Amino acid sequence: MFGKKWAALAAGVMGVTLLTGCGGAADSAGGGAITLGFSQVGAESGWRTANTKSIQESAKSAGIELKFSDAQQKQENQITAIRSFIQQKVKVIAFSPVVESGWDTVLKEAKTAGIPVILTDRSVDSSDKTLYKTFLGSDFVAEGKKAGEWLVKESAAATGDVNVVELQGSTGSAPANDRKKGFADAIGSTSKIKVVASQTGEFTRAKGKEVMEAFLKSQSKIDVLYAHNDDMALGAIEAIEAAGKKPGTDIKIVSVDAVKDGMQALADGKINYIVECNPLLGPQLMDLVKKVSAGEEVPARIETQETEFDQAKAKAALPQRQY
Amino acid sequence: MTKHRLFWPVSALLALLLVDLIAKPSFFKVEVRDGHLYGSLIDILRLGAPLILVGIGMTLVVATRGIDLSVGSVVAISGALACLHLSGLPDQDAVGGTVVAVGMALGLCLALGAWNGFLVSVLGIQPIIATLILMVAGRGIAQLITDGQIITITSGPFRALGSGYLFLVPVSILIALAVFGLSSLLVRKSALGLLLEAVGGNPEAGRLSGLRSGRLTWLVYVFGGLCAGIAGLMIAANTPGADANHAGLWIELDAILALTIGGTKLTGGRFSLGGTVIGALLIQTLTTTVYTLGIPDTATLLVKALVVLLVCLVQSPAFRDRVRRRRRPVPATESARAVEVSA
């Protein structure tokens with residue numbers, strides 16, 4: 001009975017979100033507006049919440065009526081949401097797939113109904129590329145590459161070996177695989193840069209710290225830490241400090257994401273470089289929605305606009321950081 | 001000596017440490033750095049403390065023939081509530097505010113333990129189902145508390161719970177050992193342990209001989225909630241921050257594994273707190289070993305599973321008996337004993 005109560009509460013909260021979503025957009029746009037059905041993964045991190053906010057706000061300012069649904073990390077919720085969007089005859093459907101596979105049936109239903117689909121942030125694994133119009137999201141390989149290129153430039157003056165330890169994301173996830181590959185590609189031609197240890201930190205602070213503690217004891221010399229996200233880097237900073245070393249000076253740190261806590265550490269000099277993985281793809285998405293619903297052709301793959309931060313840039317950007 | 005109930009878990013732990021000694025002699029290096037002990041062994045103690053605590057609570061629950069699946073969620077709730085309170089304080093380093101935060105979190109965990117105990121002992125719901133409710137709902141509660149975000153905190157006194165040192169030794173292991181010492185004293189120097197074993201071994205016989213098994217059952221779930229709460233504070237203090245999505249995830253399974261390795265019977269009635277501590281340390285040693293030796297992470301789970309399988313096999317009297325029988329004919333008395341143990 002406890003479980004039911006919370007489920008009811010969660011359903012209530014979702015209902016309210018949905019209502020305010022529609023109401024707000026209808027006020028600003030009126031009757032002839034484009035309707036967009038959007039199914040979000042969930043609210044598992046600050047990154048994801050910023051992503052949701054960006055989509056809601058930019059829909060409002062673009063005059064697009066948004067029907068928003070939270071899948072709470074479950075594919076079946078997402079499929080249900082997409083089916084209900086089809087029934088409601090929305091103009092465009094967009095979603096961030098919880099998992100990569102198993103989408104063909106529901107996407108075919110959307111195609112039969114003549115509703116174009118846009119993927120955001122994560123892609124689907126389907127051989128039929130006509131099932132969706134475009135995929136808007138980060139290029140994880142490019143992110144890893146940017147981190148590697150920074151390191152190559154940073155260690156240009158170094159005479160001896162540069163020993164790197166790597167904290168990978170969750171084993172088998174697309175961001176972990178791609179960020180590892182991009183980084184390895186970028187440092188490939190520089191023989192003095194060596195990845196001496198690489199383990200998964202599961203994208204969390206606790207594991208990032210635990211693995212870094214083990215690295216600090218098992219490796220005789222660590223010059224650089226490459227973390228696949230800011231949270232693991234933040235955990236590793238704790239471990240480095242407990243070992244009596246200075247993060248950012250004794251061990252240089254490069255990571256990916258640029259969430260607020262990471263940017264703070266960068267501004268404080270504890271991280272040296274962060275490659276941004278931008279969650280604020282709302283404006284780009286609304287642009288695409290307008291183009292697609294007007295029948296215009298769009299490229300099949302669109303990358304989010306992203307940048308990189310060094311310590312000075314982080315200090316300047318920090319006050320406006322939303323997430 | 002092999003008959004001592006801690007013989008097999010302790011030898012497994014020593015065997016694993018021997019592997020470390022051969023593969024990486026520096027594993028055993030302990031030095032004083034920055035005013036505290038520093039080394040892989042110290043990490044194992046510090047990081048193993050939360051599992052020891054959850055394991056101790058779980059052992060007593062299992063002793064009464066129960067199980068508590070909700071401990072992972074309670075870990076998350078405890079850390080979330082404490083960090084939420086701390087993050088709202090004007091001065092996070094104030095000891096008073098930290099004490100309030102810790103008190104609030106532990107109070108809530110006691111209540112959650114009481115809720116589990118109520119479902120099991122008063123409403124008579126099967127423990128695995130009763131605690132499954134809080135396991136699922138609890139993580140949701142933790143996410144509601146943190147609003148789905150990671151709450152980062154800076155409080156010095158709170159951080160000491162997870163990464164602080166007292167007399168060179170990690171605070172977390174001191175707390176875990178204190179809880180272990182107190183609960184061992186309580187169950188072994190008073191009749192409490194006997195009563196728990198009686199409830200778990202045969203509840204009906206216990207009831208007929210005048211035992212108030214309902215109240216005892218309730219008590220162990222409350223204690224389990226408290227242990228999980230303290231573990232949750234340690235985990236949050238170590239990062240430092242509350243991660244409602246990941247804190248304590250799957251710790252209930254690790255705790256069950258730890259007590260099984262330690263020789264506690266899942267069917268209730270026989271338990272060993274010392275065995276659970278050894279089991280928890282074995283699991284943490286295994287994790288640290290994997291990281292230290294640089295075993296590729298795609299193979300990590302397989303390596304862990306193999307070690308656990310080995311430990312469980314040497315623990316099994318039936319298996320040991322079979323191995324022995326292959327080597328030499330078994331005297332009648334010994335095979336009779338083996339049958340009795342495995343029955």
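## Exposure of the paired residues

A residue counts as partly exposed when its relative accessible area lies between the buried limit of under 20% and the exposed limit of over 50%. In this predicted model, B:Trp218 has a relative accessible area of 32% and is therefore partly exposed. B:Phe118, with a relative accessible area of 29%, is likewise partly exposed.

## Aromatic pairs

Over all chains, a search of the whole structure finds seven aromatic pairs. In the one formed by B:Phe118 and B:Trp218, the ring centres are 6.1 Å apart and the planes stand at 55°, so the pair is tilted. Because B:Phe118 belongs to helix α4 (residues 95-122) of chain B and B:Trp218 to helix α10 (residues 213-238) of chain B, this pair ties together parts that are 100 residues apart in sequence.

## Charges over rings

Two arginine side chains of chain B can be described in relation to aromatic rings. The charged end of B:Arg33 sits over the ring of B:Tyr38, at 4.1 Å from the ring centre, while that of B:Arg188 sits over the ring of B:Phe271, at 4.5 Å from the centre.

## Chain B as a whole

Chain B contains 15 helices and six strands. Its radius of gyration is 21 Å, close to the 20 Å that the globule rule gives for 343 residues, so chain B is as compact as a globular protein of that length. The C-alpha trace of chain B spans about 75 × 55 × 40 Å along its principal axes.

Of the 343 residues in chain B, 50% are buried, and the accessible surface of the chain amounts to about 15200 Å², with 69% of it belonging to carbon and sulfur atoms. Among contacts in chain B between residues at least 6 apart in sequence, 76% link residues at least 24 apart.

Notes
Residues numbered from 1 in each chain as written. Chains lettered and ligands numbered in written order. Predicted model: local features only at pLDDT ≥ 70, side-chain atom pairs only at ≥ 80, totals over all residues. Heavy atoms only, no water. Phe/Tyr/Trp six-rings, centres within 6.5 Å; stacked < 30°, edge-to-face > 60°. Helix = DSSP H or I, 4+ residues; strand = E, 2+ residues; numbered from the N terminus. Buried < 20%, exposed > 50% of the residue type's maximum accessible area, 1.4 Å probe, protein only. Lys NZ or Arg CZ within 6 Å of the ring centre and 35° of its normal. Rg over C-alpha atoms; globule rule 2.2 N^0.38 Å. Contact = heavy atoms within 4.5 Å. Areas by Shrake-Rupley, 256 points an atom, 1.4 Å probe, with all protein chains shown as cover.
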